[in-house]
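Please look through the sequence and the model shown here before reading on.

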Amino acid sequence: MADRRLIVLGCLLAAAAALFLFWGLRGPTAYILELRLVKLAALLAVGASAGVATVLFQTISQNRILTPSIMGFDALFLLLQTGLVAGLGAAGASRISGLPGFALETTVMLGAALVLFTSLLSRTRHDIQLMVLAGVVLGVMFRTLTAFLQRLMEPSEFTMVEARMFAQFSGIDRSALMAGLGLMALAALWLVRHHRVLDVAALGRTPARSLGVAYDGLQLRVLCLIAALVSVATALVGPLAFLGLLVTSLAHSLMQSHRHALLLPAAALIGALILVAGQTVFERLLHLQSTLAVVIEFCGGLLFLVLLVRGKIR
Amino acid sequence: MIDISGLSYGPAANPILQNVSAEIPAGRVTALIGPNGAGKSTLLKLIARQMTPAGGSIRMDGLDLVQAVPAVLARKMAVVAQHLSVASRVRVRDLVGFGRWPHSAGRLGPADHAAIANAVELFDLGGLQERFLDELSGGQRQRAFIAMAYAQDTDWLLLDEPLNNLDLNHARNLMAQLRHLAEAQGKGIVIVVHDLNYAISWSDHVVALRDGQVAFQGPVAEAATAERLSALYQTPVAITRLEGQVFAQYHR
């Protein structure tokens, strides 16, 4: 009994994907199709994981305007990238791209998230607002450290970091893509089994606990899941701060429901749809390269301001 | 019975609760009364296990509350907090349905739907059940949360200042329903109330707190006397009888 709105979203996404694959297919068809397939898979993975991660984060923070990037997740990623290049030099860093690079980045992201949030959770008395404040402070710290490291760098290393700092949908790393998809499949499995308890967790810590939910353990697990999903999205294309916010706002206004069984697939589909449709329009219609990220950030940032002004902070 | 012994909470130099021992009878309505800052809500939250005591023990029908597993507790007692807000867009009917979580883990069966319908009916939410929580008034939202706790179908029901947002009609109905639940279904009800008249006329038992300690406790008829209440609140309280009803007169 799939929801009708989800089916419509799925059909739209399939249409957008087909358009992306087959529009203007000329020359060596097999080769171009393969390139486009890899790109499509990356777009789907990034859109879906950004959407799902943001919905999950808004559930455990009981706040509709926060995104994982506010907690400093992508700033941590940038620091990691810069640190890698600074530590190993340009040549060394380019050698560990691909699967080992992705594995390393994801592991460090997960480890950092675990260390940060277990210590934060026990110290801030499970107060999510204090935690978010700490996240903002950490984000600033990560960014400052990143800037500091970049000052110390050689120009050749700096250009390499620059290339990784901005979201780009060309030049997808295939082995990282496979690893990301595997990680997402694991996350999806967990969510299929546990989406109901998330509905209760969205009530807040106290009500959820008095309904018998072991909230603290659940919150920690969800934070790890968010860290994993954010690393998939950021490792593949770089930081996209406002995509998640755009996606969750659309998912909420479309589904009008608290149920994660509806919200999570809707967010995944909408995220993927925005990226695939946007990329198709930009590449095939406007013949532009790598400007989609800018447009998404612009629209998302505008939405963020509108939500702030209209006072929809909750 | 809830058996509280030697309970303390807060820093040792400046405790919020200090060596509190009390017995709250099963199947009765018990009111926690006392002036502001006496520790009523703290005591209720400790019983509800929303906070961990610094010392002492609480046993509910022989079950040690400090050790108990959340999932077991959720079938034993339901709690209605004082400040109720929900970020996600939840409909009233779905909120009441959350009360069935301890029994169904989110997969609602026929028995669960019957319990939800019963709770909706009992707390006068029939016309509101398709509305979103953020579209309701404070009192309506409060009733929705109380209905959720009722749907939880527990032996004990804990309510922190449930009358705060309610108008005369709904406040009176709520107290009548709580009494009915205690008498007909044998549920133990513990409420924090500020209005002495509601406490005296609807509850069986009172536990009076002052400065984090038990001032007095016992059945209403014995415990709530003019001298004790005046001393408790440090203001003159007169007890009068009118047409068979007991009134606390303190407002002028």
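**Core, sheet and contact**

The largest nonpolar core has 178 residues, and A:L236, A:V276 and B:A147 are those with the most contacts inside it; such a core is a set of buried Ala, Val, Leu, Ile, Met, Phe, Trp, Tyr and Cys residues joined through C-beta atoms within 7 Å, where buried means that 20 or more other C-beta atoms, placed from the backbone, lie within 10 Å of a residue's own. The model is predicted, so that local features need pLDDT of at least 70 and side-chain atom pairs count only at pLDDT 80 or more, while totals for chains, interfaces and linings use all residues. Residues are numbered from 1 along each chain as its sequence is written, and chains are lettered from A and ligands numbered from 1 in the order in which they are written.

In chain B, an open sheet of 6 strands runs in the order β6-β7-β8-β3-β9-β10 with mixed pairing; strands are DSSP runs (E, at least two residues), and helices likewise (H or I, at least four), numbered from the N terminus, and two strands pair if DSSP finds at least two bridges between them. Because β6 (77-80) and β10 (213-219) of chain B each have a single partner strand, they stand at the edges, with one side of each left without a neighbour in the sheet.

The contact of the chains takes 20 residues from chain B and 21 residues from chain A, two residues being in contact if their C-beta atoms, placed from the backbone, lie within 7 Å. On the side of chain B that touches chain A, α2(B) gives the most, with 3 residues.

Notes:
Buried ≥ 20, exposed ≤ 12 C-beta atoms within 10 Å, placed from the backbone.
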